[in-house]
Amino acid sequence: MSELEKARIATVSLAGCFGCHMAILDIDERLIELMKLVEFDRSPLTDMKTFTRRCDIGIIEGGCCNEENVHVLRDFRRNCDVLIALGQCAIMGGLPAMRNAIMHSDAPLRECLEEAYITGDYIRNTTHQIPNDPALPLLLDEVYPCSDVVEIDYQIPGCAPSGDIIFNTLSSLLAGRFHGFARENIKFD
Amino acid sequence: MSDPDFTFTIDGTTIPAKPGQTIMEAADAAGVYIPRLCDHEGLRHQGGCRVCTVKAGGRSVAACTQPAAPKLVVENETDHINKLRRDLVEMLFHEGNHLCPICEASGNCELQAMAYRLDMTGPTKFPYLEPCRAVDASHPDIALDTNRCISCSRCIRASQDVDHKGVFGYVGRGIHRRVAVNGSDLAHTDADITDHAISADVCPVGCIIRKGVGFATPIGEREFDHGLIGSDIEGKRRE
């Protein structure tokens, strides 16, 4: 199969821990089988920062915690035929979404930043300021699941998803015969 | 003289039943699983969560409280009913703060297991309410994280009917109704780690936490990592 006939996959990690990208490697030796069918475009795995052309599948790790995440996610929706949310953070916000519901707080984002940079017992921050360099992406008021920002076609659950569910989903999507997950493969942890 | 035993059908399968049995009790005995969250063996039935909704004679009823009747035609595992159940379970996830990756109950959680069984994997159409609820870690042996509470009342019924204590109860109305403790906090109640209400089986989620035993069984080797919820009841049918 020539390079042009291979399906193109793009991946990105938004507000995630990169664990879902590591989980892609849990496909193990089946990666060789998969790589006969696909080629990676924009992805941390190729270190390509922009799309070279339209992709068949876009894989999103992590939800949206800042404005850059939103821009990147919309760019993926524009450039990918099928968009997959990979893992709990992309699906429902995950651990970063814990800042959405800080107890007794009217302004959870401010309380989160103040504890992280100013008031926390174990902080050594000589500037006594919350970082505000213009180069830093603006944080959103809350962490949003991907499906709140763009239309998501498929969600692969897990934290991180198993190599089996990632491989089975990708290979059945590429073969055009995806009919849902095997129930024993569905895990939220 | 008592009424004779009778039969009814669930999804076309003939189910034997005794007078006074609910649809769910007869189904359990026959090895037919009807999904449920608020119903628990040994506690009185409540009919609160509605996850056990079935169509009986064409009407939607809670299988845990509806008495079985002769020649009743019950629909259980249909696409329509399972979609209703999936929506109910999804709304329970969205109504509290259910972060499976950080929850000690993950893998033993009936809410999570029900989501697995009902294939809750599609993009959601409901908003996340993200309530702010305080954690009560005042008791030396027990912690309460009501962010994970689904208001099933299993702890209320266990404490009242089995322990005869009344440690837990409902407060508030409608969407504001919550499970609360009978005291300023859990340390100021007569709750004890040996109470049935505190035992690992009663709370279906990770709300009642027994201190000191967390993660004794690693993630991946827990109850619902080994089989779907309800597979023990369905196993009876194959035997």
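Contact means that heavy atoms lie within 4.5 Å. This is a predicted model, in which local features need pLDDT of at least 70 and side-chain atom pairs count only at pLDDT 80 or more, while totals for chains, interfaces and linings use all residues. Residues are numbered from 1 along each chain as its sequence is written, chains are lettered from A, and side-chain values use heavy atoms, with hydrogens and water left out.

Q: What makes domain 1 and domain 2 of chain B count as being in contact?
A: By the 4.5 Å rule for heavy atoms, 21 residues of domain 1 of chain B are in contact with 21 residues of domain 2 of chain B. The bounds, 6-77 for domain 1 and 85-210 for domain 2, come from an automatic or database domain assignment.

Q: How much area is buried between domain 1 and domain 2 of chain B?
A: Buried area is the accessible area (1.4 Å probe) that two parts lose on being put together, summed over both. For these two domains of chain B it is about 1,600 Å², and carbon and sulfur atoms give 54% of that. On the side of domain 1 of chain B, Leu37(B), Leu43(B) and Arg44(B) lose the most area to domain 2 of chain B, together 41% of what that side buries.

Q: Why is the pair Arg117(B) and Glu77(B) called a salt bridge?
A: The term requires a side-chain nitrogen of Lys or Arg within 4 Å of a carboxyl oxygen of Asp or Glu. In Arg117(B) and Glu77(B) the closest N and O atoms are 3.3 Å apart, so the pair meets the rule.

Q: Why is His139(B) called buried?
A: Buried means under 20% relative accessible area, exposed over 50%, and partly exposed in between (1.4 Å probe, protein chains only). The relative accessible area of His139(B) is 7%, so this residue is buried. His139(B) touches Leu186(B), Ala187(B), Ala191(B) and Lys211(B), not counting residues up to four places away in sequence.

Q: How many salt bridges does the rule find across the interface of chain B and chain A?
A: The rule finds zero salt bridges there. Even so, 30 residues of chain B are in contact with 24 residues of chain A. Chain B and chain A bury about 2,200 Å² between them, with 66% of it on carbon and sulfur atoms.
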